[in-house]
Every structure is written in C-alpha cells, then in structure tokens.
Amino acid sequence: MQAQRKDRSNPILGILRLIIAGSVAGVLAAAVALPAVGGAGMSTKSAVASLNLKPEELDEPPLPERTVLKDANGKQFAQFYFENRQSVRLDQVAPIMQTALIAIEDFRFYQHGPIDVEGTARALLKNLSGGGVMQGGSSITQQYVKQVLVNKAETPEEQAAAIAPTLSRKLSELRNAMAIEKKYSKNQILEKYLNIAYFGAGAHGIQAAARRFFDKPAAELTLAESATLAGAVQNPARTDPSVGPESRARLLQRRNIVLDRMAEIGKITRQEAAEAKAKKLGWKNIKAPGGCEASKYPYFCLYVQYEILNNEDFGKNQDERKKLLQRGGLTIKTTIDPKMQAAADKAIKKFVSRKDKPVASQAMVVPGTGEIKAMAASRKFGGSKKKNEMSYNIVADAAHGGGRGFQQGSTAKVYTLATALEEGLKYGDGFPAPAGYQAGGYSTFKNCKGENVGDPSHTVNNSSEGGAGFKTLQTGTWGSVNTFFLKLEEKVGLCSVVKMAKKLGVKRADGQKLSEVETFTLGVNEVDPVTIASAYAVFASRGQYCRPLAITEIKDRDGKAKQYKPKCSQVLEEEVADAVSGILSGVFTKGTMQEVGGIGRDAAGKTGTTDNYASAWFAGYTPNLSSAVSLGDPRGTRGNELIGVTIGGRYYPYVYGASISGRIWKDSMLTALKGIEAVEFTPVDTSRFGGCTEHCAPKKPEKEKKDEQGPPTGDGDPFDIFNPPNGDQGDGRGGRGGDGPGNGRGRVAVGPTG
C-alpha cells in the first residue's frame, strides 16, 4: 500500500515500475533518461511515446591516430600524436582482455540490446529517488557513444555537454546506442570501444595502454594485466599509475575487484583469481615520446614536419595540417638513410663537441633525385639553453623550421665560375688579379633591376699579396682569389651570376630575396646546408636540379598510399656542369683542400670562409652524393668569430673552410659511400673548354710557373699560423652586402671572404 502511495506521488516511478514489469522491455531502458513528463495518471504508452525512442545516427569521426615516420629502410624513427593511440583489430587483443572488460563493465553485453535492462533499472531507481543522474548502468555500447561525443568535441562547452549528468543527454545517448546496435555486430562494437577507451597515463586505446603499462602488445596481455586495464577504464584519472604510489594502490585495488568479478560470474576460477591477485601491479612506465625532440633524427624529422605543414595538399591552413599530422594515422616513408646519417653524426662528433658554442651542421643529398639522406648537427635538438641545445633546425631554412643560416663565403664563387663557363670562357682564360680590387665606379655592377650597386670607395683585398697575379678560371678557383672573382663577376655581369645561383636552387635561408650586391660572388647571402648541398648536386648530376626530397610515400589510416617522385629539371648544359666539376676536382689536389686530401674516388668541391672568420663551409660531391657542411656561432657573427677558439677539444688560431668543415665532409663521405660503387665524372669537353680565348696567361719561363699549381695555402691545416692561406680567407672588410652580419642587405660590417 505504501509503495502504491509513493507511485501516485511520483508518476515517473510508477511508469518505471510498469515498464520493468511489462512487455515493453525493448524500451524500458529509456527510463534512464526519462524527462519530466506529464502528471499523475499519465499512461505508460503516452509516456513512452513522448520519449521518441527511435534510433538516431551517430556521427563517428575517425579516431585520432598517431602518425609515424619511417626511414628509407622502413624502420620507424619518429611519431606525432594528439592522443597516443594505435587502433587494432579485435583478434589482435588477447581473449582474456576482452573477457575482463566485459565482466566488469557489461557482463550481459552479448545478451542485451542497446542497454542492459537490469543494470539500467537499478541505476534509474537510485537516480530518480536522488533527483538526478547519480549512478551509471551504461552498457558498453552507450559508453562507446559517450566516448565518440567526447572525442569529437572541439570546445570546452562541447566536452562538458558530452558528459553532462542530465536526463536529456542520457536519452540522446540511448537513441544513438540503438542506431549503433543496428549498424554493427557486438564484436565490432567491442573492438571500437577497446580502441577509443582511455586507460590513463596518456594511453588511448588498448594497444597503447598495453605498451604504456606493460611494454607488450595487447595480444600478449596476461590475466592480471588484463584485469588491471579493465579496471582502469572506470576512472582513469584516479587510477593513473604515472601519478604516484596512491594512484597505483587504487589501480591495484580495482584490478582485484575485476578478478573477483570474473570469478563470481564463472569466467575464471577462484584459484586463478587468487594467483593473479598475488602478483604485483607490474607497471613498466613505458613512455611514448612524440614529436621531433624525441626522434633519433630530430633535424630531418623537423624538415618532414614542415613539408606537411607548408603543403596545401594536406589542409587549407597550418592548423588543419597539424591536426592531420597529429591525428591522421599517417605512415610517412622518408628518404633518410640510417647509414649515411650515422656517418654524418659520427664525423661531426669527431671534430665538434655538443658543448661548443659554434655549431657544425651537415646535409647529404642524392644528385639526380634530390633525396635527403642525412641531416646532422653537433648540438642536440631541444629547448634547454642550459644544456646548450638547439631550438630550431640549423641544417635547413626557415621554411623548414630553421633560422637565418650563415653567410656561405667562397662556396658562392662556383656560381660565377659556372656563369663564365656557360658564357664561353675556357679553362685557361683569366686576367691579372690585384691584391686589392676597387670598382671603377657606381655603374660597374648592376643588379637584375638594372640598378647600380657597389661602392667605388671600398677596396676588396685578398688575404695576402701572394694571392695576386695572373689567374685563370682554374688557378683563381683553386686559390679562391677574391679579387679574381670580383673581376670575373664584373666581366660576366652580376645579374647573370644571380640568375645562375637561382637556377641552381639557391635562396636565402630566411626566405628573403637574395642580396644582389657586388660581393655576391664572395658569399654575402646567408644560406643553409640543405640548399647548398642541393645546388652543388646540380654539377654532380650533369646540370639537373632536383628539389630537395624528404618524403617518398604517405599511406593513410586505411592503407591508401600516395607516392612522391623527384621533381627535377635540366637547368645547366651537361658539358658546362662537367667543366665545373673538372675545375672543382682540383681543389683537393691543387687548391684549398690539398692538405686534407680527397676521398679515393672522383670528387669535387669548394671551401668557404667568411670575412673575419665568422663562419666556415665546405661543399662537395661525387656523382653519387652531394654534401655541404657549415660551421658558425648561432649567437651571431659579430664578437663570435672563429679566431683563437677551442672546438672539439682542439685549439684553432683561425678556422678556415678546410680546417673543420672540410674534414667533417671527408670523414662522413668516406663512411657514407663505403660499399657504394664509385662513379667517375664525365670527362671535360676539351675542344670546348680547353685552352683559352683572348684572355690567355702570358707565357713564363718554366721556373716561374709555380703559380699554375695553385697558390700556397694553409687552409687545410688549422695549426698553420705562420702560413695563412692565400685564398679562401677574406678581404678584411667585405663589401656592401648587409646592414650587419645576418641579413645580407645594405652594408656588411663583417662581410664574406674568399
């Protein structure tokens, strides 16, 4: 009688009792979300009808999946993720894990429909008597619906609404659950739930949780481990083992509750439960680092990351592209070669310490494809200034996470050399190179707009008087004579040299326009190793420029793959490229690298030391591989010159292009090319480039021809303080190239050298 009076005072309770007792079991779970309907005397039929209990389709956006980067051999070296998740099939989850989860969360999962009638009724009675939603009772299907809504929420308001303890939200959840049960089988629903559930400690989905907690795949989980993870899903924040001992104790308690429940419903024996409960928690705390800072190849990883972020094919803006990278579940195969990367890392470490203020960086590129095979630097990538870490991609340009680069010095002279050969000059052509060069007037040099540039009052000097005298394309290059190259640039035209550099893919590291000043040939523009290695690769590939290539394939979460091929074009005549290689080969035997020597196979290259020893370069190549090495102080060139410095534990009075950069290049190339068949350069067309035209050197007695072997040089010997090099050192002042060392615009206070 008392119960009847209670039903009259609370019509909703009355409806609930009728539903539970009646034949409408298929809709009784709607009571979980019964809104305030009608008044006393309202019929069960009308109450149920007012609930509008019809399946409602659920929008199920793809789950955030991690993106992995793989090297050229298919081995993973980095990952990006918004949520640490790796979805798996149900058959990749240990059966005992499936059993444990169902036992504690929804043990009648395979028997009921969208909801568990009995569990829901119990929860509802408590909720209604308490005046709100106080207790769960949700089926695994309902829990999946809620997780989907939480995952697709974009704003804090949407996230709050997805878990709001309201009757209307529960009713909507039920409608969605009804649709899900019609759309999928029970096994499919269980699989989806296992992949979307959060287990704590940053682990989303069962595979990530198994790795994070126990360092194993989900397929290998034991009874105790399965019970642990099944227990974690109820309140992962409270039982997160990474938080501390108290959380681990609560997780252990939850594990044991799950084991007892499994024994209670006959899924395991009491003996099995006792044995599992006797085991320790087994928390392994296996971290899943993401991002480039945790990558084995951080600088290359950054390059790949920015290739995605800057490409409109992957989204309308950087935010969309970042979401794809972090959530898209992509598998990105790249060009990085572990052997060549290791060679660069080892060579740099041999000569430059992580603790040194100057930083050495190197890029290796394949001629004819543009594939980046290595990107290395002497400092570890990271954000700690205390640990002397690099916070940006010093090997690349600003568009790929880099900075402003370093002035390239005499490695830029090759653009003038290539221009001269293209315009018809021969190996023996030349002219007297004075000890100091002064432009004849403001009209001596014109940029590509036809504007006069240059300072007729400024004198560019060679490093010593020994560098003066008649120089040819060969001897002027081997000795890296500043005044010779300024006169050569004057002859062929500044704009022609600038256009040549652009054809070779040269651009400033900061993304600004190249500074078109008279000292362009001396290397006033700041560049990066990837750009210079790619430019020099043009000569190695007989005139073919290939855009730097880091990605060869991207596979989406569904396994659909897109291939990325080299983008190359012929920018230089084959014979001209061969002629450049012919002269640059002599740098190892007759020029500024002769103290360092070659690598036992056809190779060509050029040293570069900026004025006042602000930075030092070496760029060189074989037909198989091109590489560029830079050395400089990221704090800025002013006051941080490479004079009287200790680098890699060795003292250097002066650092030249060959001192460290050239040696790094040699050591790394020897190792990187080991086991790769040597390829010879195509012989120079002597009928076209041999001899000279009207600019021939005056004939001299045999005893006076010593200069033909190249000027004496100390560029390869970092300790040769009594015999500094005649070339590749600088003019002591630089030219009009910038308003300071770093941007190459206006007047250069500390400019580039020979």
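This is a predicted model: local features need pLDDT of at least 70, side-chain atom pairs count only at pLDDT 80 or more; totals for chains, interfaces and linings use all residues.

Analyst: Helices (H or I, at least four residues) and strands (E, at least two) are DSSP runs, numbered from the N terminus. Residues are numbered from 1 along each chain as its sequence is written, and side-chain values use heavy atoms, with hydrogens and water left out.

The residue to begin with is tyrosine 392, which sits in the loop between strand E7 (372–377) and strand E8 (406–407). Its relative accessible area is 26%, so tyrosine 392 counts as partly exposed (buried means under 20%, exposed over 50%, and partly exposed in between, with a 1.4 Å probe and protein chains only). Once neighbours within four places in sequence are set aside, tyrosine 392 is in contact (heavy atoms within 4.5 Å) with Tyr299, Phe381, Gly401, Gly402, Gly403 and Pro634. Proline 298 lies 94 residues from tyrosine 392 in sequence, and their C-alpha atoms are 9.9 Å apart in space.

For the setting of this residue, the protein as a whole has 24 helices and 24 strands, and 56% of its 754 residues count as buried. Of the contacts in the protein between residues at least 6 apart in sequence, 72% join residues at least 24 apart.

One of the sheets can be followed strand by strand. Strands of a sheet pair through backbone hydrogen bonds, either parallel or antiparallel. Here five strands form an open sheet in the order E2-E1-E5-E17-E18, with mixed pairing (two strands pair if DSSP finds at least two bridges between them). Strand E2 (76–80) and strand E18 (561–563) stand at the edges with a single partner strand each, so one side of each is left without a neighbour in the sheet. From one strand to the next, the twist averages 20°. Strand E17 (residues 551–555) pairs with E18 in the antiparallel sense over three bridges, and alanine 561 in E18 is the bridge partner of lysine 555. Helix H14 (residues 298–309) packs on this sheet and touches strand E1 (67–70), E2, strand E5 (331–334) and E17, its direction making about 45° with that of E2 (axes are lines fitted to C-alpha atoms, for helices over the stretch in contact, and angles run from 0 to 180 degrees between N-to-C directions).

Elsewhere, two helices pack on each other: the axes of helix H10 (residues 206–214) and helix H11 (residues 223–232) come within 11 Å and cross at roughly 115°. On the side of H10 the contact is made by Ile206, Ala209, Ala210, Phe213 and Phe214, and on the side of H11 by Glu225, Thr228 and Leu229.

Charged side chains also join separate parts of the chain. Side chains of opposite charge can pair when their charged atoms come close. The structure holds 22 salt bridges (a side-chain nitrogen of Lys or Arg within 4 Å of a carboxyl oxygen of Asp or Glu). In one of them, lysine 183 meets glutamate 60 at 3.2 Å, N to O; lysine 183 belongs to helix H8 (residues 167–183) and glutamate 60 to the loop between helix H3 (44–50) and E1, 123 residues apart. Lysine 183 counts as partly exposed because its relative accessibility is 44%, whereas glutamate 60, at 18%, counts as buried.

Another salt bridge brings the side chains of lysine 350 and aspartate 667 together at 2.8 Å, N to O. Lysine 350 lies in helix H16 (residues 338–351) and aspartate 667 in helix H23 (residues 661–672), so this pair ties together parts that are 317 residues apart in sequence. With a relative accessible area of 54%, lysine 350 is exposed.

Helix H8 also contains glutamate 181, which is buried because its relative accessible area is 18%. Leaving out residues up to four places away in sequence, glutamate 181 touches Gly113, Pro114, Thr141, Lys186 and Ile189.
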